[in-house]
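Here are a few friendly notes to read beside the model. They take up a cavity and its lining, then a strand and its partners.

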Amino acid sequence: MDKADEYEKLLRQASTWIAESGHLIVSTGAGVSRESGIPTFRDAGEGLWANYDPQQLASVEGFLQDPKMVWEWYAWRRKKISQVRPNPGHLALAHLEGLVSRMTLITQNVDGLHQRAGSKRLIELHGNITRVRCFGNCHQVYENWSDDDYEGEIPPRCKACGSLLRPDVVWYGEQLPEKALQEAFLLAENCDVMLVVGTSGLVQPAASLPVIAGRAGARFIEVNPQPGMISASADILLKGKSGEILPQLVATVEQMKKNAAG
Ligand code: OAD
Ligand code: ZN
């Protein structure tokens, strides 16, 4: 079999599993937003963590040391995100939700592009960069933060208690949002197909979702141009960009559903 035939066969097998699934989980990482123009964290050269220090920019210690710099780095990322659009990969996943019996999207991304693409059942494990919250004890949350509409000291202060505000994202050393995490684990234990897209699988606990699902007997499909940490346990690896593969995968699932309906 040549490479194209082999790929076609894997794509059809993966589509069959998804079309027949009673409970699908899709778990995404930074790679799914790459084709929108958002850099990943660990890809060589362009990855954010190749150019910036996560200890400085993504930890409580870093924020305490230089809150202005940290705030401005997130404001820069917010701006970049507001200037890009969901790509065909995000759109395909939003469409898939309406095709299968039950699907939940679990993302490590904080860019909000899945919502903008129209995904509804969504769990954000690492928070959302467009939300900010009080760094003090009052835990006040501010949705849809607009840097353009704010003038004043940086970082801004909480209206409720006067403490500094911080982005509502998970930093190194911090716990993930408890409800989101519990729900993600429970879903992983109960799904029958897990589709993992665009993550290096190096960050816990998100990386253990396919392991949990696999132990519970679920099929595990991965979409990624580069095999990584978790690829060895994948039943099928569809090697390539999510903006190209996901539309093909979802179109094939849709066709199978139509055929089945007669
Ligand atoms: P990484 O930067 O670690 O991995 C990105 C993955 O995307 C790699 O496996 C790439 O091969 C893959 N990739 C690149 N281009 C792609 C494309 N066009 N289509 C599909 N895949 C592509 O990003 P994450 O695994 O998401 O955490 O990183 C996990 C967490 O580490 C992030 O949520 C962030 C970071 O520190 C926090 O900020 C808490
Ligand atoms: Zn406060």
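1. A cavity here is a set of points, on a 1 Å grid over the protein atoms alone, where a 1.4 Å probe fits but cannot get out, and its lining residues have an atom within 4 Å of a point. This is a predicted model, in which local features need pLDDT of at least 70 and side-chain atom pairs count only at pLDDT 80 or more, while totals for chains, interfaces and linings use all residues. Residues are numbered from 1 along each chain as its sequence is written.

2. The whole structure holds one cavity of 30 Å³ or more. The volume of the largest cavity is about 30 Å³, a volume being the space filled by probe spheres set on the points.

3. Which residues line the largest cavity? They are S27, Q108, V196, T199, G201, A206, A207, P210 and I230. Five of the lining residues are nonpolar, four are polar and none is charged; in this scheme Gly counts as polar and Pro as nonpolar.

4. Now to strand β4, residues 127–134, where six of the eight residues are buried (under 20% relative accessible area, 1.4 Å probe, protein chains only). Strands are DSSP runs (E) of at least two residues.

5. Strand β4 pairs antiparallel with β6 (residues 165–169) over five bridges, and pairing calls for at least two bridges found by DSSP. Here N128 sits opposite D168 of β6.

6. Strand β5 (residues 141–142) also runs antiparallel to β4, joined by two bridges, with V132 opposite Y142. Six residues lie between the strands of this β4–β5 hairpin, and H139 takes a positive phi near 60°.

Note on methods. Chains are lettered from A and ligands numbered from 1 in the order in which they are written. Side-chain values use heavy atoms; hydrogens and water are left out. On a 1 Å grid over the protein atoms alone, a cavity is a set of points where a 1.4 Å probe fits but cannot get out, and a pocket is an open set with protein on both sides within 12 Å along at least five of seven lines; lining residues have an atom within 4 Å of a point. Buried means under 20% relative accessible area, exposed over 50%, partly exposed in between (1.4 Å probe, protein chains only). Helices (H or I, at least four residues) and strands (E, at least two) are DSSP runs, numbered from the N terminus.
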